[in-house]
Every structure is written in C-alpha cells, then in structure tokens.
Amino acid sequence: MQIKTTIIGAGVVGLAVAARLAEKHGPLLVIERNPSIGQETSSRNSEVVHAGIYYPRGSLKARLCIQGRKMLYALCRKARIAHCQCGKIIVATDRDEEQRLEDIKQRAEANGVHDLRLLTASQVNQMEPNVKAVAALLSPSTGIIDSHRLMRHLAARAQKNKAHFFFETNVESLERRSDGRYQIVVKYRDGQTDTFSSRQVVNCAGLEADRIAAKAGIDIDACKYRQYYWKGEYFSCDLPAGYIKRLVYPVPLPANVGLGIHATIDLGGRIKLGPNTIYLPEKQYDYTVDAQNSKLFHQAAQRYLPGLRKEQLQPEMAGIRPKLQKPGDGVRDFILEEESAKGLAGLINCIGIESPGLTSCLAIAEYVASLLEKNTATGK
Ligand SMILES: Cc1cc2nc3c(=O)[nH]c(=O)nc-3n(C[C@H](O)[C@H](O)[C@H](O)COP(=O)(O)OP(=O)(O)OC[C@H]3O[C@@H](n4cnc5c(N)ncnc54)[C@H](O)[C@@H]3O)c2cc1C
C-alpha cells in the first residue's frame, strides 16, 4: 500500500493533526495500537484549557498554548463541543506565596496573557466562599472541556476527509528507504504483520514517541529526545456541585515539575484533586492510584479548601506525563521537529507533549502542517 502521509497515534494530538492534514493533504492513514481513539494520556488528564501562564517566554509551550486555547474555544463554540470558560484562581495561602503572585502575573503578561487580575482575600471570599486565601490571581480565560467529545469531533472530521484509521495496529519499525519513502512495518492484534510505505510520517505516539524516533534511526540521547514518565494521580471529592465555581490552584513551587495539587471541576460539576507528580524510573504503564496518598492530597488541598474532610476523598484515576526531564533536570519545551537535518526528510516528531498538550492540540496541528508544507516547498 502506498500512502502519502501516515500519523502514528490517535490521541488528541494525532487526531488534531489528522483533521488538519486531511483537509488539504488528501488521503492519509492514522495508525493506533488501541481499539479506539484517545485511550492513553488524552483521556487521563485534568481536561483544563490552560491560559498559558507559566511557560517560559517564547517557548512553544507558551505560544501554542495561547494560540491553541483561542482555537479550541472557537472550535467548541462552532462544533458545539461541551466546554466551560469557568476561570481559575491561583491562591496564595501565606504572605510568601502572595509575593509570588506578582511574578506569575508578570510572566503571564510576557507571554501575552493580559487578563490576569489580582484579588484580595475578601474578593476571593465573595467569589468562592469555600476557598481560603490571603490573595489570589484570577485567570478568566482558563476553562474546562469535554476532551472525549473533542476527540470524536476531530476523528469524524478526519474521516470525512478520507483519513483511514487502523486500530489495534502497532508500529513495529520505521525506516527511510533509498527512494526517500518510509517503510512502516505494523503488527495487527492477531499477530499478523504488514508492510507499507509513506512519503511523510508524523510521530504523535505520546508515551512512545521517543521510541518511534529511535526506530527511525535517531539517537534519542544525543538529540535529547528521551522521555521520562511521571505519574499523576487524582482523587475525587464527595462535595456538592457548586462548592467551587472555578478551578483552584496553589502557587506552584519554583522548581516544581507539576502545577501542584489543584482542585478541578468537570462539566458535571464534580470536583477532583490532582495530579501529584510521581517519577516512574522503570517507565512502566502504572495507572494505579495509591489510596494511602489521600492523606497527602488532603493536606495539600486543605490549605485552600479548609472545609474538605479526608473521608470525602476517593481514589479516581491516574495519567502519565511523557516529560523530557528526569528528576533534577531543568524545564524543557515541546519538541516539534521536521527531521531533514538528520537525513530524515518528511518525518515530523512530536515529543515531550505533556501539559498543555490538550490545550495546544489545534495549534500543534497547524505547526505540524506548516513544517510539512515547508518540507514540500523546499523539495526535500
Ligand atoms: C496527569 C495529566 C494531566 C494533564 N492535564 C492537562 C490539562 O489539564 N490540560 C492540557 O492541556 N493538557 C494536560 N495534560 C497533557 C495532555 O493530556 C497531553 O499533552 C495530551 O493528551 C497528549 O496527547 P497525545 O496525542 O500526544 O498523546 P496520547 O494521548 O498518549 O496519544 C498517543 C497515542 O499513540 C499511540 N501509540 C503509541 N505507540 C504506538 C505504536 N507503536 N503504534 C501505534 N500507536 C501507538 C497510543 O496508543 C496513543 O493512543 C495532562 C497530562 C497528564 C498526564
């Protein structure tokens, strides 16, 4: 079978890329090892549409989060995808944290997020009577989205434009041939293998994205493409709907690898706490939630939700972040690379797509499309 473009992975990023490319690039193939779309990280997250507050200025994370957020809200309105621009507050629970709110505001403004507002303790109390804070930052553009509905919409759009989906199909090997096409060997659920070729390949394999790049012959250590797994657990809270009306985040610690245990609401008004950040050195797919961690979650959340009782917490679910840093490493950006410089023209790698990958998915798809168009224009 001869294909022009193959996308590996049907998470939210692969689906956004498929929907975008199918419109202009014609028939394409999406290969997914699971029986259906979005069964891994894309369905194990907070479903928050981030504003773009914390990321380093000029980074892909900052730029694509802001662009992606605007695109996502526009798409949700147009396609009637359930979402709510409920806003979020970042709460300072002591004077030291209060000082850091101004830094966060300045960083957000440097990124182009100009709608953050500082709130006094009494303003917080008026808006969120169950939240305790000495001060807070309000982010009105933060929201929540039904990520499953989003993924179904993207998959349907891709299929309408003649994208073919192969489910329960694992990419076993990926090799650039002398004619410039990529030879892809896949294995189906029944153990049968198949081989076909594709002119372009977009690697959106999430937790496996570095391994796919390695299969194509890239030295993932030399290129700093190696991913490390960090689990994030969630606990649901048995609290009445409306207990909080906005997402509530703590002030992140300076060297934190996550945003701190926050309280999110889903579209049904259910409140959950999480995620924490647990390094998984063996890179195992460990989605268990340790019930004993409820004590730590309770302690963390009680600082800003003093009325929350420990017995109201129940283990809910976990997700795994494909980070480019291991413990002690500095902040890293998304990797979105067209690999001509490595002798792999037409291969696009999307690596380290942790948060805000859901928020950024439509902007990532635009970025990938522009990389492919540049590659085609230069005739590589
Ligand atoms: C705890 C947690 C909380 C988060 N919260 C948020 C949030 O609130 N807001 C936000 O914007 N982002 C959030 N994120 C990040 C967001 O979930 C991810 O960035 C996004 O889902 C990544 O999508 P993806 O398509 O790249 O990866 P995935 O969803 O992992 O999809 C990759 C797909 O590739 C497939 N695949 C892998 N290898 C192969 C192979 N060899 N052959 C065939 N198929 C293969 C997999 O089966 C999978 O379906 C969070 C992440 C975590 C872990």
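## Polar contacts between the domains

Seven residue pairs, both members at pLDDT 80 or more, are in polar contact between domain 1 and domain 2. A polar contact here is a pair of N or O atoms within 3.5 Å; within protein, one must be able to donate a hydrogen and the other to accept it, and residues adjacent in sequence count only if both atoms are side-chain atoms. Keep in mind that this is a predicted model: local features need pLDDT of at least 70, side-chain atom pairs count only at pLDDT 80 or more, and totals for chains, interfaces and linings use all residues. Residues are numbered from 1 along each chain as its sequence is written, and side-chain values use heavy atoms, with hydrogens and water left out.

Domain 1 brings 12 residues to the contact and domain 2 brings 11 residues, where contact means heavy atoms within 4.5 Å.

About 1,100 Å² is buried between domain 1 and domain 2, with carbon and sulfur atoms giving 50% of that area. Buried area is the accessible area (1.4 Å probe) that two parts lose on being put together, summed over both. On the domain 1 side, R44, L207 and E354 lose the most area to domain 2, together 60% of what that side buries. Two salt bridges are counted between domain 1 and domain 2, a salt bridge being a side-chain nitrogen of Lys or Arg within 4 Å of a carboxyl oxygen of Asp or Glu. E354 also forms a salt bridge with K323, at 2.5 Å from N to O.

Helix α5 (residues 147-160) has 14 residues. Helices (H or I, at least four residues) and strands (E, at least two) are DSSP runs, numbered from the N terminus. From first C-alpha to last, α5 reaches 20 Å, close to the 20 Å expected at 1.5 Å a residue; the expected span is 1.5 Å times one less than the number of residues. At the N-terminal end, D146 caps α5 with a side-chain oxygen 3.2 Å from the backbone nitrogen of H148. Just after α5, K162 takes a positive phi of about 70°.

The buried residues of α5 are S147, L150, M151, H153, L154, A155 and A158. Buried means under 20% relative accessible area, exposed over 50%, and partly exposed in between (1.4 Å probe, protein chains only). R157 is partly exposed at 24%, and the R157 side chain meets that of E23 in a salt bridge (3.3 Å, N to O). E23 lies in helix α1 (residues 12-25) and R157 in α5, so the pair ties together parts that are 134 residues apart in sequence.

## Other salt bridges

The whole structure holds 23 salt bridges. One of them pairs R33 with E40, the closest N and O atoms being 3.0 Å apart. R33 is partly exposed at 31% relative accessibility, while E40 is buried at 18%.

N111 is found in helix α3 (residues 95-111) and counts as buried because its relative accessibility is 12%. The N111 side chain reaches the backbone oxygen of Y55 at 2.8 Å. Leaving aside neighbours within four places in sequence, N111 has contacts that include G52, I53, P56 and I66.
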